[in-house]
Structures are given as structure tokens and as C-alpha cells.
Amino acid sequence: HALLTADIGVLNDPEFLLKVNSFCNSLGMDTISTAGTFATAMELYERGYITEQEAGCKLNFGNADAVIDLFPKIARREGFGDVLAEGGYRVAEKYGHPEYFMGVKKMEFPAYDSRSAHGMGLNLATATRGGCHGRGYTIAFEVIGHPVKMDPLTEEGKAQLVIDLQNLMAGIIDAAGICQFSILGQDPVTMAAQLAAATGIDGYTLEGVIKCGERIWNLQQVFNRRAGFTRKDDSLPKRMTEEPAPAGPGKGTVVDLERMLKEYYQLRGWDEEGNPTPEKLKELGLEDLI
């Protein structure tokens, strides 16, 4: 996975990339979260919050040897690997600086800097499982331009886009166990027809699966709220909302998350705190959750 190079500053080294991906596959470690955890620890190290003695090595960005040495230690929870095994958020929290963790709801970010794709910032902030690109994928519109291109550096129209994609992904992609990237090669109408053909259920239409996705999303949101998540958890690191991007397509910009989040809650039919309203739950046939 590319993050195991880009996140930790080891670039143009295919041998390293193959080796660390093989480590993840054989040790049962997620490539995205592992990369984000290393990146968090490396930033803390370079800022002086983690010492070389604690880490057992020089844990600066770009140190491929240190990464390779630590992989098995994470899996076996040996030495500093025991600290890293807790994930990026808990590493940053342990050393007193959770603001250097780049993720949402304690889940490490995927490949996208929200300052270069503002809609993706809203998507990551509101994803029910945390900073996950698999719960909607505005990158298709904001970067790839499929099926249409949207300005990645604006908040305009992004709340509705995120809702539509989240409902679509929940209602057909995740529910049917389809790879999300297949959406780049075929349209949702075709996918709904394939689902109907595979199951023998004629009721699978685009409108039907989107409504199903909306029910799933509201159910997940109710679950999260009852588990203790609040509006403050639908957030991004301050780096995304207060520190202009130093380079890249979004250079000089930040994400106006608050603007999009208010509109998102309103369009979802939720209250100002992001709680599904009784009226919305009744509309979706989820009145048992009230």
C-alpha cells in the first residue's frame, strides 16, 4: 500500500514497499493504520516527544531500517512495538499530544489530505467507523472527475454529495460486499440490476438501494450516539481546519468543516447535534429506535 511509503517518507523504493506490504499481509496488520501509526510516532520523535532511547532506534521520517525492524515487534508487542501496537491515536495520547494524530474517531487517515479535497474532509469527519475512505468516496468527483468533476477546493454542494455517496455505498457496495472502486467502472443502476439478477429479488432498484443505505446510515449513527459519540467526534484534526496546506493542489487552503457539517446534519434530517430525529427514524421505518 502506498501509504507505507508516502506517510513515512520512504519514497522511490519498490523493494521496501514490497517488503512492508508483505509484513502486513503475513502479520495480519492493516496497511493504512500501520502507516498512520508510524507517521504519528515519527512526528512525535522529530518534535522531541519520543526519544531514541524509548523507541530503540532513530525514528525519523525516511528511516526504512527502523520501520522494518519494528514491524515484527509490533505484531509481537515487544519493546517499543508494544506502544505502536495500540495505534496512532493512543501513541499520540500517551506522549501528551493527541493533536498530532491524523485521523477521525481514533482511526488513521487514508491517502487523502482534506485540504486538497474538502468534500473528503466532511466524508471522513462523518464516517460512522472513523477516518475511512470506504464510507463514501468524494475523490471520484473531486479528483478523478468521475462521473463529473467537482471543484475540490470548495465546500459548495459537498454536504449533499457526501450524503448521496454514503447512502449509495452503504446500500449496495457494503451491503452486497462489492469493492468500492468498482463504482469507477460501472454505474449504480447497473450494479442494482446485477444484485437483482444475482438474488432473484426484483425490488433492487437504484432508488431502493439508496433508501436502504439511508436506513443503514441512520441506524449506525444511532448506535454511535448510544455508544457515547457526540458532535465533537464528527471532526477533523486542527491541521486540516486551521493550518493552510503548505504545498500540493490545496496549497494555502483549510477545510471549512463547520459550514459543511451544519448543512450535512440539516440535509440528513438530524438535529444540530447530529442525532437522527424521531421524524426521520419514523420516515425510514426505524421507529423502534426512538
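Student: Which residues is H133 in contact with, leaving aside its neighbours within four places in sequence?
Tutor: In this predicted model, H133 is in contact with I32, P110, Y112, M120, L124, Q180 and F181.

Student: And where is H133 found?
Tutor: H133 sits in the loop between α8 (118-126) and α9 (139-144).

Student: Is H133 buried or exposed?
Tutor: H133 counts as buried, because its relative accessible area is 19% and the cut-off for buried is under 20%.

Student: OK, switching to E207. Buried or exposed?
Tutor: E207 is exposed, with a relative accessible area of 59%. You'll find E207 in helix α12, which covers residues 206-226.

Student: How many residues apart in sequence are E207 and H97, and what's the distance in space?
Tutor: They are 110 residues apart in sequence, and 45 Å apart in space, C-alpha to C-alpha.

Student: Zooming out, how many helices and strands does the protein have?
Tutor: There are 15 helices and two strands. The radius of gyration is 20 Å, close to the 19 Å from the globule rule for 290 residues, so the protein is as compact as a globular protein of that length.

Student: What box do the C-alpha atoms fill?
Tutor: Roughly 60 × 40 × 40 Å, taken along the principal axes.

Student: What share of the residues is buried?
Tutor: Of the 290 residues, 48% count as buried.

Student: Last one: what about the charges?
Tutor: The protein has 29 positive and 41 negative charges, and their mean positions are 2 Å apart.

Terms used: Residues numbered from 1 in each chain as written. Predicted model: local features only at pLDDT ≥ 70, side-chain atom pairs only at ≥ 80, totals over all residues. Heavy atoms only, no water. Helix = DSSP H or I, 4+ residues; strand = E, 2+ residues; numbered from the N terminus. Buried < 20%, exposed > 50% of the residue type's maximum accessible area, 1.4 Å probe, protein only. Contact = heavy atoms within 4.5 Å. Rg over C-alpha atoms; globule rule 2.2 N^0.38 Å. Lys, Arg positive; Asp, Glu negative; His and termini not counted. Charge placed at Lys NZ, Arg CZ, Asp CG, Glu CD.
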